[in-house]
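Here are some notes to read beside the model.

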Amino acid sequence: MAGVRCGDDVSEYLSQNPQLAQWIESFRGYCESSKQWSARREFILRNMEAFPTVKPGTCSSSLDRLLSLSMVWANHVFLGCSYPQAVMDKIKDMGEGIAVQDPPVHKTTRAGITARGKRSAPDDGDPEGCVKRSRTEADGRPSGRVAARSAIQKSGPPPQAPAEQQPFFNRLYKAVAWKLVSAGGFGPNLDHFEILRSCVESCKQTVTCVFVPLKDIAGLPAGRTQKDGHVCEIRCQTVYMGTGYGRDEAAAKAMASKEALKVFQGRKVTVKICRRRYRGREVEDLVLLDELPRTQGFPPALSYPFQDEPQDEGPDC
């Protein structure tokens with residue numbers, strides 16, 4: 001798309017090429033504002049010539065890469081997300097000359113494109129980007145500074161917690177939607193945990209995984225009678241996202257990630273306070289939900305970050 005230099009030129013160019021306009025419009029994210037989409041659309045059109053195999057109406061690996069880079073660029077400009085330096089250098093070159101009207105200003109600073117942001121690395125994460133909680137923490141028996149914090153923390157999430165958490169999960173919804181578009185949509189063959197991890201980290205948070213041997217849990221769903229394997233619970237910022245079962249921790253984490261991503265298939269996600277079972281009692285928990293009505297209850301909680309005192313020993317149920 002040689003010669004296009006600003007948003008007005010893009011609009012005029014697309015008005016003269018209606019088939020191209022219809023094709024490019026199909027890549028717009030559901031939650032993408034007009035300003036964000038206008039900038040990302042220009043990024044895609046400006047860089048199509050650098051990907052010779054990208055043809056309107058045809059799927060290809062080059063198209064997936066271009067769309068992914070456009071999302072990375074938009075995440076950096078509008079959300080302040082940061083990526084490895086090689087990626088940052090590439091999107092800086094690809095986005096040169098694109099004027100973003102009233103770009104947001106982010107709190108942290110570093111040399112970048114238009115908006116600047118820096119993602120801090122997790123302190124206690126594993127190489128796969130999952131913060132693993134110990135069995136002690138999963139059972140609700142924190143130690144050290146965690147215990148000191150819990151001693152002054154009221155049991156259960158505060159009433160304002162959903163409203164405080166909602167803005168983050170709105171951003172995460174957008175990041176997941178863009179990531180799934182570049183991956184060709186939600187499906188069984190995706191690396192669900194990697195998608196979830198990368199999206200959460202692009203929003204400057206980490207995924208928390210709690211693992212418990214299957215044999216230690218009572219009250220499992222009907223039909224699950226085997227005792228071999230593990231259960232994984234995924235949270236982010238104390239909000240419950242999904243539970244998965246598997247023959248080992250990796251398989252359980254993959255299944256939990258898949259369940260968590262299913263929530264993002266609707267038109268929105270909402271953080272709510274819901275009743276769940278935790279170690280034999282009913283508790284209030286923060287849960288991420290879509291807009292569809294639930295026909296089943298939630299799996300028993302493996303961790304509970306809102307209690308104010310240690311619990312006695314006993315099986316999870």
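1. The exposed residues Ala86 and Asp93 sit on the face of helix 5 that is turned away from its buried side. Exposed means over 50% relative accessible area, buried means under 20%, and partly exposed lies in between (1.4 Å probe, protein chains only). Helices (H or I, at least four residues) and strands (E, at least two) are DSSP runs, numbered from the N terminus.

2. This is a predicted model, in which local features need pLDDT of at least 70 and side-chain atom pairs count only at pLDDT 80 or more, while totals for chains, interfaces and linings use all residues. Residues are numbered from 1 along each chain as its sequence is written, and side-chain values use heavy atoms, with hydrogens and water left out.

3. Which residues are buried in helix 5? Helix 5 covers residues 85–94, and Met88, Ile91 and Met94 are buried there. These residues lie on the same side of helix 5, because they cover an arc of only 130 degrees around the axis. The arc is taken from the directions from the helix axis to the C-beta atoms.

4. Side chains of opposite charge can pair when their charged atoms come close. A salt bridge is counted when a side-chain nitrogen of Lys or Arg is within 4 Å of a carboxyl oxygen of Asp or Glu. By this rule the model has 11 salt bridges.

5. One of them joins Lys262 to Glu259, at 3.0 Å from N to O. The two residues are three apart in helix 10 (residues 249–262), so about one helical turn separates them. Lys262 is partly exposed at 36% relative accessibility, and Glu259 is also partly exposed, with a relative accessible area of 29%.

6. Salt bridges that share partners link Glu233, Arg235, Arg276 and Asp285 in one network. Between Arg235 and Glu233 the closest N and O atoms are 3.1 Å apart. Arg235 counts as buried because its relative accessibility is 5%, and Glu233 is buried with a relative accessible area of 1%.

7. The N to O distance is 3.5 Å, and both Glu233 and Arg276 are buried.
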